Amino acid sequence: MRVEAFVGSLTDSRVGAHALLNACNPELGLGSGVSGAIREACGGATYQREVRERLEEEFGEPLQPGDCLVTGPGVSTAFRWVLHVPSVDYRRADAETGGPTGPSRVRACFRSALEESLALAREHGLGGQFVLATPLLGAGHGGLGPIVTLDVLMGALRDFLHESPAEERETLARVVFAVLTPEQARLVALAAGKQGLPFAP
């Protein structure tokens, strides 16, 4: 498994992802930022309705930290699945930060997405090939900023790999962090190195 950075949109076909991680709110309103880009790439209002229907069918209530709703890609052919996690919650202040998210929430969301990625790879014969693309959960609207977010995400990824059975550690081929600037890509490389994770430029 290696870590990569991609400067550009998470939905860009050049990312080569099997699954995208959607940083959303508990009610899965796909509004702006990453969620808005995914909504438009997957079919706009029609996709929004599909996601809400799946949320009702599978959970019957808003998502909690640690929940992950897996849906298809709507009309997009650039990826196969979208993993929706409630990385921000504007209804109540986070206990750690007082804002819409915090490190523990981001960690729980990322961990659940990694577990779902592993399950999808196993189910569909993609062991050693699976590519997960993720934004910097909580860095933007969540207010954590890229440095804090990357420290949390890379730590969660390191722990997830260390806790996985040896035969499953290479199930995920790549985790690609989609960022907005070359400077943020440099921060991805630094954060991966800090946690001893292999980074491929």
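The model is predicted. It holds 15 salt bridges, and the buried residues of helix α4 pack against β1, α3, β6 and α5.

**Helix α4**

- Helix α4 covers residues 146-163, and its 18 residues should span 26 Å at 1.5 Å a residue; the end C-alpha atoms are 25 Å apart, which agrees.
- The buried residues of α4 include Leu150, Val152, Leu153, Met154, Leu157, Phe160 and Leu161, and Asp159 is also among them.
- The packing partners of these buried residues are the strands β1 (2-7) and β6 (172-179) together with the helices α3 (103-123) and α5 (182-194).

**Salt bridges within helices**

- In helix α2 (residues 45-58), Arg54 and Glu58 lie four residues apart, about one turn of the helix.
- Arg54 and Glu58 form a salt bridge whose closest N and O atoms are 3.1 Å apart; Arg54 is partly exposed at 30% relative accessibility, and Glu58 is partly exposed at 43%.
- Helix α3 holds Arg111 and Glu115, four residues apart, about one turn of the helix.
- Arg111 and Glu115 form a salt bridge with the closest N and O atoms 3.2 Å apart; Arg111 is partly exposed at 25% relative accessibility, and Glu115 is partly exposed at 41%.

**Further salt bridges**

- Arg14 forms a salt bridge with Asp12, in which the closest N and O atoms are 2.8 Å apart.
- Arg14 has a relative accessible area of 64% and therefore counts as exposed, the cut-off being over 50%, whereas Asp12 is partly exposed at 21%.

How values were computed: Residues numbered from 1 in each chain as written. Predicted model: local features only at pLDDT ≥ 70, side-chain atom pairs only at ≥ 80, totals over all residues. Heavy atoms only, no water. Helix = DSSP H or I, 4+ residues; strand = E, 2+ residues; numbered from the N terminus. Expected span 1.5 Å × (residues − 1). Buried < 20%, exposed > 50% of the residue type's maximum accessible area, 1.4 Å probe, protein only. Contact = heavy atoms within 4.5 Å. Salt bridge = Lys/Arg side-chain N within 4 Å of Asp/Glu carboxyl O.
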